[in-house]
Amino acid sequence: MFVTGRLPVLVALGVVPVVLLGAAGVDPWGVLAGWLALCLLIACGDAALAASPAGVDIARRLPARVRRDEAVETEVIVRSTGPRHLRGWLRDGWQPTAGGPEERAALDIPAGESRRVRVPLRPRRRGEVRTEFVVIRSRGPLGVAGRQRVIPAYGAVRVLPPFASRRHLPSRLARLRELDGSTSVQIRGRGTEFDSLREYVRGDDVRSIDWRASARAGTTMLKTWRPERDRHVVIVVDTGRTSAMRVGDGTRLDAAMEATLLLGALAARAGDHVHLVMMDRAERAHVSGVAGAALVPALVEAMADVEPQLIDTDWSGVAALVRRMTVRPALVVLLTAQDDPAASRAFLAALPAWTSRSRVLVGTATDEEIGADGPPADAEQAYLTAAVQRARSDAARVAAGISRAGAVALTADAETLPPRVADHYLALKLRGLL
């Protein structure tokens, strides 16, 4: 049983006559006790006349998947099986990260009928968000009191990474088509895969002239090339403790996922093979052997449940796994932290083995808003300035170590990292290095 806000109002209405009786010399306490008893009797009677929440069947209609931060509507189907008209409220028991509404939904269901209650969600975390129950409150005819019951009704929605960086995909695909010569721009990459012959025009590279074809055609003919296909791109995402660092509006792991999705979509469209490994001391996700339009769905499914682990990454295990996956020359994109020389020793020690057989890009998401330029105004600002300068110095030392090992170090904020990784891939294609 529960009471509504009308019961205190009803009790307060009896205070006025009690005060007047007391002013007239009549003992008010007996009148007050009688009034309270009457109010209690009214509340109990109103609750008894309310429809029983036990006579309610619950069903759900839920989307199987939704992207994080994306609004979605779920439905709770409430069917009244009792003999009375059900008036009241419903509260769905979604966990807080599901982003459900705080207010209760109103119910008005005649006996034997059903109604659909829309419950909007906006999930704020990846993985699976769940609800175990709904709470039904049925009020009586007077609206003073009613009945309440918790009804088990399990529901779950799988929340995928948002892939916000897909807005950069059209421009990168346009550049990729230019490299392939599929647009009117006819920009040719210096790949090693022969494409076609065409007539020489002023400004073309004379080293690409095909003299035999020119002799047969009676005019100067030029060989054109296109970037090679069927290359291998191995993306390694560090899920150790450094991936839990807050960067922008999310974590470093979230930024690495965005970079993975953008690069994966671009490389799949270019005809290359994409492999994903997410690892710390254990392998958290692995995608390989998926091509074409099925790649991005496979990536988001694999990454949905992965969270940062507060442990150090086993770089020797990562190196062994990458060696098994890069039998042929490949581009290895390593998304990790490069801001602590002490923590990066094992990582830097593994780099030479990768760079000896593949091209390696090390990408890191940082918070570019952190800065302390200019003279400090007080002691707190002085400490902040010193800390920022120390962090920048450490990051520069790690970047220098990456360069000495033969890899490319790339550092950017969470918004800029995905397109810059994609641009590096396109630059390698353009230069015929991948």
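The following questions and answers walk through a predicted model of a protein.

Visitor: How many helices and strands does the protein have, and what share of its residues is buried?

Guide: The predicted model contains 11 helices together with 19 strands. Of the 434 residues in the protein, the share that counts as buried is 43%.

Visitor: Is helix 6 largely enclosed or largely open, and how many of its residues are buried?

Guide: Helix 6 runs over residues 252-269, and its end C-alpha atoms are 26 Å apart, which agrees with the 26 Å that its 18 residues should span at 1.5 Å a residue. Just after helix 6 comes Gly 271, which takes a positive phi of about 90°. The helix is largely enclosed by the rest of the structure, because the number of its 18 residues that are buried is 17.

Visitor: With which residues is Leu 266 in contact, leaving aside its neighbours within four places in sequence?

Guide: In soluble globular proteins, nonpolar side chains tend to be buried together. With its neighbours within four places in sequence left aside, the contacts of Leu 266 are Leu 169, Arg 172, Leu 173, Leu 176, Ala 422, Tyr 425 and Leu 426.

Visitor: How wide is the arc that the buried residues of helix 7 cover around the axis?

Guide: The buried residues in helix 7 are Leu 295, Val 296, Leu 299, Val 300 and Met 303. They lie on the same side of helix 7, because the arc they cover around the axis is only 125°. The elements against which these buried residues pack include strand 9 (145-160), helix 6 and strand 15 (273-279).

Visitor: Which side chain makes a polar contact with the side chain of Thr 313?

Guide: Thr 313 sits in the loop that joins helix 7 to helix 8 (315-325), and it counts as buried because its relative accessible area is 14%, under the cut-off of 20%. Not counting residues up to four places away in sequence, Thr 313 touches Gly 240, Met 279, Asp 280 and Val 318, as well as Asp 238. The polar contact, at 2.5 Å, joins the side chain of Thr 313 to that of Asp 238.

Visitor: Which side chain makes a polar contact with the side chain of His 232?

Guide: His 232 is in strand 12, residues 232-238, and its relative accessible area of 15% is the reason why it is buried. Leaving aside neighbours within four places in sequence, His 232 is in contact with residues including His 273, Arg 328 and Leu 331. At 2.9 Å, the side chain that makes a polar contact with the side chain of His 232 is that of His 275.

Visitor: Is Phe 163 buried or exposed, and what is its relative accessibility?

Guide: Most residues other than glycine have a negative phi. Phe 163, although not a glycine, has a positive phi of about 55°, and it lies in the loop between strand 9 and helix 4 (169-180). Phe 163 counts as buried, because its relative accessibility is 4%.

Terms used:
Residues numbered from 1 in each chain as written. Predicted model: local features only at pLDDT ≥ 70, side-chain atom pairs only at ≥ 80, totals over all residues. Heavy atoms only, no water. Helix = DSSP H or I, 4+ residues; strand = E, 2+ residues; numbered from the N terminus. Buried < 20%, exposed > 50% of the residue type's maximum accessible area, 1.4 Å probe, protein only. Polar contact = N/O pair within 3.5 Å; in protein donor to acceptor, adjacent residues only side chain to side chain. Contact = heavy atoms within 4.5 Å. Arc of directions from axis to C-beta. Expected span 1.5 Å × (residues − 1).
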